[in-house]
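Here is a short tour of one structure, written with charged side chains and strand pairing in mind. Please have a viewer open as you read along.

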Amino acid sequence: MSSHVTVDDVADVRTGDKGDTAIVAVFPRRPEVYDAVLAAMSEDAVASFLGAGVTGPVRRTPMPGVQGIVFEVPGLLGGGVTGSPVLDGHGKCLSYLIATMPLPGLRHPL
């Protein structure tokens with residue numbers, strides 16, 4: 001078992017699109033890890049993890065009432081559904097990518 005914790009170890013992820021902007025929602029499975037996930041998934045950390053495809057600042061919206069975090073990631077969809085030459089213009093596969101993001105400071109749930 002890997003010693004580092006990833007998003008997939010502690011949360012569920014859904015993605016969608018709005019034009020060329022990917023919308024990523026992260027929902028920790030247990031309330032006690034929400035604050036730690038929120039701290040580890042800063043706007044800069046998510047932008048850095050996703051890499052060169054991000055064309056502008058990532059915007060993060062914490063949703064403590066539903067224990068969720070929503071990210072808006074501009075430019076990641078290469079033009080969006082109607083303008084992208086890539087296979088996944090909707091960004092649905094991004095949930096799998098975000099699920100692999102390491103979360104420093106979190107302990108592995110057993």
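## Asp12 and Arg29

In this predicted model, a salt bridge joins the side chains of Asp12 and Arg29, with an N to O distance of 3.2 Å. The two residues come from distant parts of the chain, 17 residues apart: Asp12 belongs to strand 1, while Arg29 sits in the loop between strand 2 and helix 2.

How accessible are these two partners? Asp12 has a relative accessibility of 43% and counts as partly exposed. Arg29 is partly exposed too, with a relative accessible area of 41%.

## Arg29 and Asp8

Arg29 has another partner to look at. Its side chain also meets that of Asp8 in a salt bridge, here at 3.9 Å from N to O. Asp8 lies in helix 1 (residues 7-10) and Arg29 in the loop between strand 2 and helix 2 (34-40), so this contact ties together parts that are 21 residues apart in sequence. The 3.9 Å distance falls within the 4 Å cut-off used for a salt bridge.

Asp8 counts as partly exposed, at 44% relative accessibility. Taken together, Asp8, Asp12 and Arg29 are linked in a network of salt bridges.

## Glu72 and Arg59

What about the strands themselves? Glu72 and Arg59 meet through their side chains in a salt bridge of 3.2 Å, N to O. Glu72 lies in strand 4 and Arg59 in strand 3, so the pair ties together parts that are 13 residues apart in sequence.

On accessibility, Glu72 is partly exposed at 26%, and Arg59 is partly exposed at 48%. The total for the model comes to four salt bridges, including the ones described here.

In what order do the strands line up? Four strands form an open sheet in the order 1-2-4-3, and their pairing is antiparallel. Strand 1 (11-18) and strand 3 (59-63) are the edge strands, each pairing on one side only. On average, neighbouring strands of this sheet are turned by 15° against each other, direction ignored.

Within the sheet, strand 2 (residues 21-28) pairs with strand 4 (residues 68-73) in the antiparallel sense, over five bridges.

How values were computed. Residues numbered from 1 in each chain as written. Predicted model: local features only at pLDDT ≥ 70, side-chain atom pairs only at ≥ 80, totals over all residues. Heavy atoms only, no water. Pairing = 2+ DSSP bridges. Axes fitted to C-alpha atoms, helices over the stretch in contact; angles between N-to-C directions. Buried < 20%, exposed > 50% of the residue type's maximum accessible area, 1.4 Å probe, protein only.
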